[in-house]
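Student: Could you zoom in on the very start of the chain for me? After that, just keep going through whatever side chains you think deserve a close look.

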Amino acid sequence: MNTTPEHDERMAKMTFASVYPHYVTKAEKKGRTKDELHQVIEWLTGFDENKLQELINDKVTFKTFFEKATLNPNAHLIKGVICGYRIEDIQTPLTQQVRYLDKVVDELAKGKKMEKILRSE
């Protein structure tokens, strides 16, 4: 199943600041910490905590967020289904990158070991 242009456009215009609190809640509800969440976000994007806060304060869109990011060279190893889409089959790079982020947050919340989430094995 591939994404539609409308879906891709909606993803591009969504702000990181609007989604970030949901990531925090999801992780903390499952016994993970905000520090662990920041660790997986930094692994994927290269953004440290200060840069993340700056991007949240600036209310950047996901388009801008990922334009500024330095995607981890192992990001392509993130596979599976998230929100009904098989990540490795998504054709639009930005939508795929947003789904990478969703997937690593999901893995964190599901209790996966950090080494697995960070694709370091």
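Tutor: In this predicted model, Asn2 sits in the segment that comes before α1 (5-13). With a relative accessibility of 38%, Asn2 counts as partly exposed, because that value falls between the 20% and 50% cut-offs. Leave out residues up to four places away in sequence, and Asn2 still touches Tyr85, Asp89, Ile90 and Gln91. If you'd like a distance to go with that, take Tyr100: 98 residues separate Asn2 and Tyr100 along the chain, and their C-alpha atoms are 15 Å apart.

Moving on into helix α1, there's a charged pair to look at. Lys13 makes a salt bridge with Glu9, and their closest N and O atoms are 3.4 Å apart. The two are 4 residues apart in helix α1, so about one helical turn separates them. Lys13 is exposed at 57% relative accessible area, while Glu9 comes out as partly exposed at 41%.

Next up is Tyr23, which belongs to helix α2 (residues 16-29). Is Tyr23 buried or exposed? Its relative accessible area is 5%, so Tyr23 is buried, the cut-off for that being under 20%. As for what surrounds Tyr23, setting aside neighbours within four places in sequence, the contacts are Phe16, Leu37, Phe62, Leu101, Asp102 and Val105. Pick Leu101 from that list: Tyr23 and Leu101 are 78 residues apart in sequence, with 9.7 Å between their C-alpha atoms.

Back to the charges. Side chains of opposite charge can pair when their charged atoms come close. The salt-bridge count for this model is 10. One of the pairs is Glu36 with Arg32, meeting at 3.1 Å from N to O. Glu36 is partly exposed at 22% relative accessible area, whereas Arg32 is buried at 13%. Another joins Glu107 to Lys112, with an N to O distance of 3.4 Å.

Asp35, Glu42, Asp48 and Glu49 form a negative surface patch, and patch members are residues without a salt bridge. Asp35 is placed in helix α3 (residues 34-45). At 58% relative accessible area, Asp35 is exposed, because the cut-off for that label is over 50%.

Lys59 isn't a glycine, yet its phi is positive, at about 50 degrees. You'll find Lys59 in the loop between α4 (49-57) and α5 (62-68), and its relative accessibility of 58% makes it exposed. Cys83 is not a glycine either, and has a positive phi of about 55 degrees. Cys83 also sits in a loop, this one between β1 (81-82) and β2 (85-86), and is exposed at 54% relative accessible area.

Definitions and conventions. Residues are numbered from 1 along each chain as its sequence is written. This is a predicted model: local features need pLDDT of at least 70, side-chain atom pairs count only at pLDDT 80 or more; totals for chains, interfaces and linings use all residues. Side-chain values use heavy atoms; hydrogens and water are left out. Buried means under 20% relative accessible area, exposed over 50%, partly exposed in between (1.4 Å probe, protein chains only). Contact means heavy atoms within 4.5 Å. Patches are made of residues with over 30% relative accessible area and no salt bridge: like charges are joined within 9 Å, nonpolar side chains (Val, Leu, Ile, Met, Phe, Trp, Tyr) within 5 Å. Accessible areas come from the Shrake-Rupley method with a 1.4 Å probe; for residues, only the protein chains shown count as cover. A salt bridge is a side-chain nitrogen of Lys or Arg within 4 Å of a carboxyl oxygen of Asp or Glu. Lys and Arg count as positive and Asp and Glu as negative; His and the chain ends are not counted. The place of a charge is taken as NZ of Lys, CZ of Arg, CG of Asp or CD of Glu.
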